[in-house]
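Please report on the ligand site and the pockets of this protein. Keep it brief.

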Amino acid sequence: MKDDNCIFCKIANGEIPSETLYEDGDFRVILDLNPASEGHALILSKEHYRNLPELPSQTAAKVLPLAGKIGKAMMSELSAKGFNVVQNNEEAAGQTVFHFHVHIIPRYANPDEMLLWKPGKSTEEGLKAVSEKLRKVL
Ligand code: AMP
Ligand code: ZN
């Protein structure tokens, strides 16, 4: 399914030009227009899915191997020292384009470009309460 109002549908299916690194029947991989670091890439699904919970399992199963391949290329060809695989779901998590995509962000061992969160604190009871809520639906 495609969404006529979705920019990533148009890019993924070649209606809007993009700097494409790779393409197959399921995905197009492009360079992000606002890169977090040089080579920041996006894996876009060719079909329109809002985000990860909507992605069919057989498509999802192909995403991590592709992300690994792109990251490996970043390390060998761009001299990246590592890479992050990031995937945002919903506004609260930073999603701005509501068409499934995965960020592959090469890292060059520059501390200014690190993507980190501040580690919090946990208690045994707190972990147990959260775990019980999630476990019952998984
Ligand atoms: P997210 O915040 O996870 O939804 O990521 C959306 C990403 O898409 C951002 O990093 C944007 O810089 C990028 N982006 C938005 N429009 C385009 C475009 N036309 N071409 C390439 N990247 C884009
Ligand atoms: Zn779309």
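Which element gives the most to the shell around ligand 1? Helix 1 does, with three residues.

This is a predicted model, in which local features need pLDDT of at least 70, side-chain atom pairs count only at pLDDT 80 or more, and totals for chains, interfaces and linings use all residues. Residues are numbered from 1 along each chain as its sequence is written, chains are lettered from A and ligands numbered from 1 in the order in which they are written, and side-chain values use heavy atoms, with hydrogens and water left out.

**Fold**

The protein chain has three helices and five strands. Their order from the N terminus is α-β-β-β-α-β-β-α. Helices (H or I, at least four residues) and strands (E, at least two) are DSSP runs, numbered from the N terminus. The C-alpha atoms fill a box of roughly 50 × 40 × 25 Å along the principal axes.

**Ligand site**

The shell around ligand 1 holds 16 residues. Those that come nearest are D32, G94, T96, H101 and H103. A residue is near a molecule if one of its heavy atoms lies within 4 Å of it. By class, the shell has eight nonpolar, seven polar and one charged residues. Here Ala, Val, Leu, Ile, Met, Phe, Trp, Tyr, Cys and Pro count as nonpolar, Asp, Glu, Lys and Arg as charged, and the others, Gly among them, as polar.

| Residue | Protein atom | Distance to a ligand 1 oxygen |
|---|---|---|
| T96 | polar backbone atom | 2.7 Å |
| N88 | polar side-chain atom | 2.9 Å |
| H101 | side-chain N or O atom | 2.8 Å |

On its own, ligand 1 has 500 Å² of accessible area, and the protein covers 82% of it. Accessible areas come from the Shrake-Rupley method with a 1.4 Å probe. Helix 1 (7-12), strand 2 (27-31) and strand 5 (101-107) are the elements that give two or more residues to this shell.

**Largest pocket**

Where does ligand 1 sit? It sits in the largest pocket, meaning that more than half of its atoms lie within 2 Å of the pocket's grid points. A pocket is found on a 1 Å grid over the protein atoms alone, as an open set of points where a 1.4 Å probe fits, with protein on both sides within 12 Å along at least five of seven lines; lining residues have an atom within 4 Å of a point.

This pocket holds about 260 Å³ of space. Its lining has 15 residues, with F8, D32, L42, T96 and V97 nearest the centre. Helix 1, strand 2 and strand 5 each give two or more residues to the lining. Helix 1 gives the most, three residues. The lining divides into eight nonpolar, six polar and one charged residues.

**Second largest pocket**

The second largest pocket has a volume of about 210 Å³. Its lining includes L21, Y22, L31, G39, L66 and K69. Strand 1 (20-23) and helix 2 (57-77) are the elements that give two or more residues. Helix 2 gives the most, with six residues. By class, this lining has eight nonpolar, one polar and two charged residues.

Key. Polar contact = N/O pair within 3.5 Å; in protein donor to acceptor, adjacent residues only side chain to side chain. Points joined across faces, edges and corners; volume = space filled by probe spheres on them.
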